[in-house]
Amino acid sequence: MGDDKYKIQKIDAYRWRIPREGKMRVDGIIYADEHMMQEIQKDESLQQVINVSYLPGIVSHSLGMPDIHWGYGFPIGGVAAFDMDEGIVSPGGVGYDINCGVRLLKTGLRRIEISNKLETLVNTLFANIPSGVGSHRKDLKLSQQEARNVLKNGAQWAISQGYGNKEDLEHIEEKGCISGANPDVVSDKAIQRGLAQLGTLGSGNHFVEVGYVSEVYNEQVARVLGLEKDGITIVVHTGSRGLGYQVCDDFIRVMIDASRKYNIELPDRQLCCAPINSPEGKEYLAAMACAANYAFANRQMITHWVRESFERALHVSPKESRISTVYDVCHNIAKFEEHIVDGQKKRLCVHRKGATRAFPPNHPDTPDVYKAVGQPVLIPGDMGRCSYVLVGTEKAYSDTFGSTCHGAGRVMSRNQAMKIAKGRSIAQELKEKGILVRADSRATLDEELPEAYKDVTEVVDIVEHAGISKKVAQLKPMCVIKG
Amino acid sequence: MPKYTIIDHTADIGIDVFGDTLQDLFSNAGFALFDIITDLSTVECKVKHSLNIIGVDKEQLLVNWLSELLFLHDVKNLLFKNFCVNQLSDYQLNADVSGEVFDEKRHIIKTEVKAVTYHNLSIIQKDQQWKTRIIFDL
């Protein structure tokens with residue numbers, strides 16, 4: 001690689017090292033092929049991988065997944081694990097949209113059964129699932145007390161209120177509730193933002209997408225996951241809405257002071273942090289868990305409205321539609337996990353910002369039904385191409401703290417995307433490809449046009465070739481709602 | 001000199017904000033935020049809010065100011081158009097802002113801004129001009 005801005009060494013066809021130097025505490029390691037590495041160097045994301053390696057208590061390496069792109073503070077597509085005694089926790093290492101994540105639903109329906117009813121289906125979904133500013137379900141009013149229950153219990157709260165069934169819970173990361181959530185450390189401001197937005201999709205890259213299994217790469221694993229060719233699937237992508245943004249914002253303020261208090265030198269203020277065991281660190285983790293639980297509840301409620309919409313639009317009973325959760329993953333989160341470091345089992349605080357957990361078969365946290373095949377990983381692509389279902393591997397567990405990519409990753413700024421989309425109708429272009437789209441604003445569609453993203457297939461092929469995930473199936477979109 | 005310009009940032013949105021005075025800079029940053037969120041030509045000044053913001057330095061004050069506006073936008077569905085910064089020091093700001101409640105019949109949301117980040121944030125004064133670069137999380 002002929003760039004002298006960073007000292008980059010090629011490890012193998014899919015891994016690159018930025019060797020430790022200066023204030024770096026560990027090496028940076030990037031998962032990418034030659035072509036993608038060139039793309040990655042166009043923005044500031046490698047500097048961000050280096051910046052993360054400066055942080056106290058970082059273990060092994062500062063990682064970049066192939067969908068890495070320029071974030072703020074931590075790169076998007078970054079993974080870093082910290083020692084429990086010497087390490088830090090950083091709200092910027094999780095991001096504003098705490099537990100932004102993806103849920104995959106499978107159905108008992110086939111592509112042919114819904115292809116002539118897509119228009120009704122997409123309109124029903126769009127009417128039923130609130131998305132943008134000021135939109136909320138008229139039938140949903142939360143008291144302050146109820147909001148605390150959402151924060152403590154996550155998807156379990158949603159199910160206790162009739163949004164879905166107990167089986168859903170078995171198929172969610174952490175069973176839809178991260179422990180240690182303490183609503184007392186969540187600000188009134190965050191709760192106010194949360195009350196108004198529970199059960200809403202939000203805009204930007206958030207969506208609900210109905211699609212079908214277009215390709216099966218691994219029959220045996222696909223069977224365990226309940227995916228078969230031409231089966232209808234639904235992908236829900238959203239997070240913790242204003243509540244999560246406010247929690248992050250509140251704690252960045254706390255952490256700026258804490259960094260000073262604990263003498264932590266920061267290359268960028270957005271990386272502000274506190275020792276995991278400090279009062280500030282513990283409080284952040286308790287608030288983060290609340291926001292994560294809110295996001296689990298949010299995806300659970302949207303799942304319920306997806307089920308309702310299918311019944312209403314297609315005139316099918318729940319028994320016919322058989323919509324069930326395959327899995328639900330977080331891709332902005334900090335978690336306590338056990339990993340092997342230099343041959344020793346160690347408890348670490350793993351930050352995944354724009355990265356997905358990818359635990360191997362037989363891991364205690366892999367749900368029982370998937371113990372034989374590994375934890376499902378859901379990788380949404382852009383609106384026009386496809387998404388992927390993968391499973392985690394032993395190699396991910398040993399090399400990347402059980403992590404993999406999270407999506408396509410942008411290549412184009414929103415500004416560039418808007419310029420390119422000018423004079424075009426993205427909705428019409430997608431319609432010609434057989435994909436119906438409904439969005440609150442035209443701007444969202446323009447910003448999210450397919451060319452603005454890396455080709456998700458390239459991203460997924462890299463994680464598969466590098467051995468940190470295994471491809472199971474490809475999903476193609478049929479209709480999409482966006483905020 | 002424009003109030004602000006948009007810079008290319010892959011995932012989110014960045015702006016360079018300018019002002020003849022520090023007050024102007026803060027007021028223009030507020031304008032930029034809502035100019036990104038909506039079409040301000042459709043917004044009228046019907047509701048007024050008086051804000052007192054504190055921070056440990058100019059940069060944090062700027063983030064706190066914009067975050068407060070974003071909070072009011074989020075919980076009260078307000079769109080702000082006018083930003084009058086009355087008093088400003090390195091640690092404190094007093095401002096009157098006005099705008100109106102979002103009405104889906106008349107207003108559009110161009111972009112949902114999630115948060116105001118501190119990423120590489122610094123406020124500088126050069127050649128009688130104040131300037132800052134802010135990255136918004138979208």
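This dialogue looks at how the two chains of a predicted model meet.

Me: What should I know about the model before I read the contact?

Reply: This is a predicted model, in which local features need pLDDT of at least 70 and side-chain atom pairs count only at pLDDT 80 or more, while totals for chains, interfaces and linings use all residues. Residues are numbered from 1 along each chain as its sequence is written, chains are lettered from A in the order in which they are written, and side-chain values use heavy atoms, with hydrogens and water left out.

Me: How many residues does the contact take from chain B and from chain A?

Reply: Contact means heavy atoms within 4.5 Å, and here chain B gives 32 residues and chain A gives 43 residues.

Me: What is the area buried between chain B and chain A?

Reply: The size of an interface is often given as the accessible area lost when the parts come together. Buried area is that loss, found with a 1.4 Å probe and summed over both parts, and between chain B and chain A it is about 3,400 Å², with 50% given by carbon and sulfur atoms. On the side of chain B, the residues that lose the most area to chain A are B:Thr10, B:Lys114 and B:Tyr118, together 21% of what that side buries.

Me: How many salt bridges are there between chain B and chain A?

Reply: A salt bridge is a side-chain nitrogen of Lys or Arg within 4 Å of a carboxyl oxygen of Asp or Glu, and the count between chain B and chain A is six. One salt bridge joins the side chains of B:Glu68 and A:Lys189, at 2.4 Å from N to O.

Note on methods: Buried area is the accessible area (1.4 Å probe) that two parts lose on being put together, summed over both.
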